[in-house]
Amino acid sequence: MAGEGEEALAAFVALHGAALRASRVPTQYWESLSRKLHGEIFDAGDYFGIMQVEEVDEEEEVDEEMEEEFKKKPNPGNEPCFKVIVTNENGLQASNPNSVFLVDHAWTFRVEHARHQLRHVPGLLHRMANLMGIPFHGEIPDEGSIQHVLQEMWKYSQTYQLSQGTAEEKVPVWYIMDEFGSRIQHSDEPSFAAAPLFYMPQQIAYTVLWPLRDLETGDEVTRDYAHGETDRLIRKCVLLPWVPTEMLDVSSSTPEPPDEHYQAILAENKEKLPVAINPPVYAKDKVFKVFTDIPQVLNNLTHPRFVFTDNEGEADILYNFSHFKDYRKLSEERPEVMVNQFPCENLLTVKDCLASIARRAGGPDGPRWLPRTFNLETELPQFISCFQQRDRRGEDNHWICKPWNLARSLDTHITNNLNSIIRHRESSPKVVCKYIEEPVLFEREDVGLVKFDVRYVVLLRSARPLQLYSYDVFWLRFSNRVFSLDDLDDYEKHFTVMNYAPGATLKQVHCEDFIPLFEKQYPEYPWTTVQASIFKAFAELFQVATSKPAPLGICDYPSSRAIYAIDLMLKWDTSRDGKRIMQPQILEVNFNPDCDRACKYHPTFFNDVFSTLFLDETDNCHVTRIV
C-alpha cells in the first residue's frame with residue numbers, strides 16, 4: 001500500500017513539481033495535496049469560517065447631505081465586509097503536512113468572453129453579484145448589473161497562463177475563487193500564501209492555500225495581494241484597486257531607459273553581435289543561392305538572379321522565418337553571406353522597446369506619431385499618475401493594454417478602468433497605450449463610419465547609411481461595426497484584424513480603389529499629403545532606431561537586409577498653427593510579416609523585394625525610397 005502511495009506521489013510530482021516549486025509550495029505539503037486533489041477533498045470548512053463585519057453602525061444618524069453622497073457610491077447601502085478566521089478549536093500548525101487546502105474557482109474566464117458568460121450562463125451573474133456585494137434583483141441578467149460586475153471583478157480576479165498550446169491557448173485565463181477564497185483579505189504581513197495550480201488529470205485549476213505560521217482559533221486568514229513586490233511605491237500601485245491612493249505627486253514623465261536596459265535585453269535574447277566586417281562586393285552578374293524556409297518566398301521568387309538551395313552551407317542569402325541569433329559566428333566565418341534580419345531589430349518589433357527608442361524623437365512623452373505608451377513593468381507609477389491627472393482634467397481616459405510580443409490582437413484589451421489595467425500587469429508583460437479616441441473613420445456603405453488601419457511594407461536595405469524603401473502597395477483592414485467609444489469588449493467595433501476572428505466578415509478594399517473613395521470622403525486631405533506624413537513618421541522612426549550603436553540601436557551589420565510591416569492608424573489632431581490634421585499613429589512594427597495577400601495580388605512582390613534588398617536595383621520595382 002505504501003508503495004502505491006509513493007508511486008502516486010512520484011507521478012504527481014512529475015506532472016506538477018515544476019509548478020509547485022515556481023509557486024513555492026513547501027514540499028512537506030505535496031503528499032497531502034496530491035491526496036486531496038485526487039479525492040477532491042475540500043476540507044477548509046473544518047478549519048475556517050467566514051465572519052461578516054459591519055463597517056457602518058446602522059443606528060448612527062446620517063444627515064441628508066451625507067446620505068446623498070453615500071447613495072452616489074458605486075455600491076450604495078451597507079457594503080458587507082467579510083473576514084476568514086480559523087475556527088478549528090486546535091488552531092492550525094504550519095508544520096502539519098495536512099495544513100494545505102484546496103479552494104475551488106467560482107468563475108473561470110478570458111476577458112473577451114466575460115460579458116457573454118455573465119449574460120448567458122445560468123446563475124453566474126447572481127452568484128458574482130452576491131459575492132461582490134452588488135445588489136441584483138430578479139432572474140434575468142440586466143446590462144447595468146453585468147457592467148457593475150465587470151467593473152468590480154478586478155478586485156476579485158486572479159490569473160494564470162498555460163505554458164503549452166497554441167498562441168490562443170496561451171492567452172491568460174482569469175478566475176474568481178469561491179466565496180471562501182474571495183473573502184480572504186489582504187495583509188502586508190499575511191498568515192497564508194495562495195497560488196493557482198492546474199491539475200492535469202482533471203484539466204481543472206484550483207487555488208492551493210497554505211499557512212506561513214502557526215495560527216490559533218480566532219486568528220484571521222490573510223494573504224498578500226501584492227505578493228512578490230518589495231518596492232514600496234510599486235506595492236502602493238499594485239494595491240490601488242483595494243486601497244485607493246492619489247499618485248499625483250509622482251511625475252508622469254517617462255524618459256528613455258538607461259543603456260543598461262538595452263544591454264539586459266540583448267543578454268536575455270541571447271543574441272551575439274557581429275564583429276566589424278567590410279561590406280561585401282559581388283560580381284555584377286552573380287546569381288545568388290537562397291536558403292529559405294518560407295513557402296511564400298519559395299513559391300513566388302522567380303527573378304533570374306536568385307536560385308534556391310537546400311544546403312544552408314552553400315547559400316549566399318539566408319532568408320529565415322525564425323529569429324537569427326549568432327551573428328558573431330556568421331560574421332567571422334561567412335561575412336559575405338547576407339541575412340534577412342538585423343541584429344537588435346527587436347528594438348522596433350517589440351512594443352515596449354519601440355516606445356523606448358521613439359522617445360529619442362519626441363522626448364519623455366514620445367513623438368506625435370506614436371500613441372502615449374507606458375511599460376507596465378517599469379513605468380506603472382508614472383502611468384497611474386498620468387491616468388489620475390487626465391481624470392482630474394476631465395480628459396478622455398481610454399487606454400489599450402497590449403502584450404509586449406503577441407500579434408493578432410491576442411490578449412489586447414481596451415478599457416477606462418484603472419483597476420483593470422493595474423491587474424492586467426499580473427498576467428504577462430504589457431504596455432498600455434493611449435487609445436485613439438478620435439480616429440479618422442471610413443464610410444463603409446454597408447455599415448457606416450468604421451475604424452480602419454493601414455499596413456505598409458518597408459524594406460531596410462542598410463542601417464548606416466540609412467536606406468529605407470516602402471513597397472508601393474499598402475493594405476487596409478476595417479472594423480465591421482460603426483465606431484463609438486463604448487462597448488469596449490465588442491471586437492468587431494474596436495479591432496480591425498478579422499482574418500483570425502471566427503465568424504467575422506473580412507472586408508477587403510485594394511489600395512487603388514481605396515484612395516479615390518477616401519479622397520471623396522475627405523476632399524481636403526489628398527492621399528499624397530497623408531502618405532507624405534506617414535513616410536515622414538517612418539523616416540523619423542528608423543533614424544532614431546539606427547542613431548545609436550548596438551545594442552542601443554539596430555546594428556549596422558553590412559550583410560543584413562530586412563522587410564517589416566508597419567501597422568498604423570490616422571487620428572484627428574491639431575497642428576501647431578491650429579489646423580485640423582490627420583496625424584499618423586504607428587501601432588506596431590512586425591518582423592517577417594505574412595505576405596500572402598501581397599503575393600496573391602502582386603505576383604512580382606518578392607522579385608521586387610529581393611531586387612531592392614540584395615541587388616540594390618530598384619528600377620522597374622514597385623518601391624519608393626523614403627530615406
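Reader: How many residues of domain 1 are in contact with domain 2, and how many of domain 2 with domain 1?
Author: This is a predicted model, where local features need pLDDT of at least 70, side-chain atom pairs count only at pLDDT 80 or more, and totals for chains, interfaces and linings use all residues. Residues are numbered from 1 along each chain as its sequence is written, and side-chain values use heavy atoms, with hydrogens and water left out. Contact means heavy atoms within 4.5 Å. Here, 21 residues of domain 1 touch 18 residues of domain 2.

Reader: Where do those domains run?
Author: Domain bounds come from an automatic or database domain assignment. Domain 1 covers 1-56 + 71-110 + 123-228, and domain 2 covers 229-244 + 372-430. Their centres, taken over C-alpha atoms, lie 24 Å apart.

Reader: What area do domain 1 and domain 2 bury between them?
Author: The size of an interface is often given as the accessible area lost when the parts come together. With a 1.4 Å probe and summing over both parts, domain 1 and domain 2 bury about 1700 Å², 56% of it on carbon and sulfur atoms.

Reader: How many salt bridges are there between domain 1 and domain 2?
Author: A salt bridge puts a side-chain nitrogen of Lys or Arg within 4 Å of a carboxyl oxygen of Asp or Glu. The count between these two domains is 2. Look also at Asp224 and Arg235: they form a salt bridge, with their closest N and O atoms 3.0 Å apart.

How values were computed
Buried area = accessible area lost by both parts, 1.4 Å probe.
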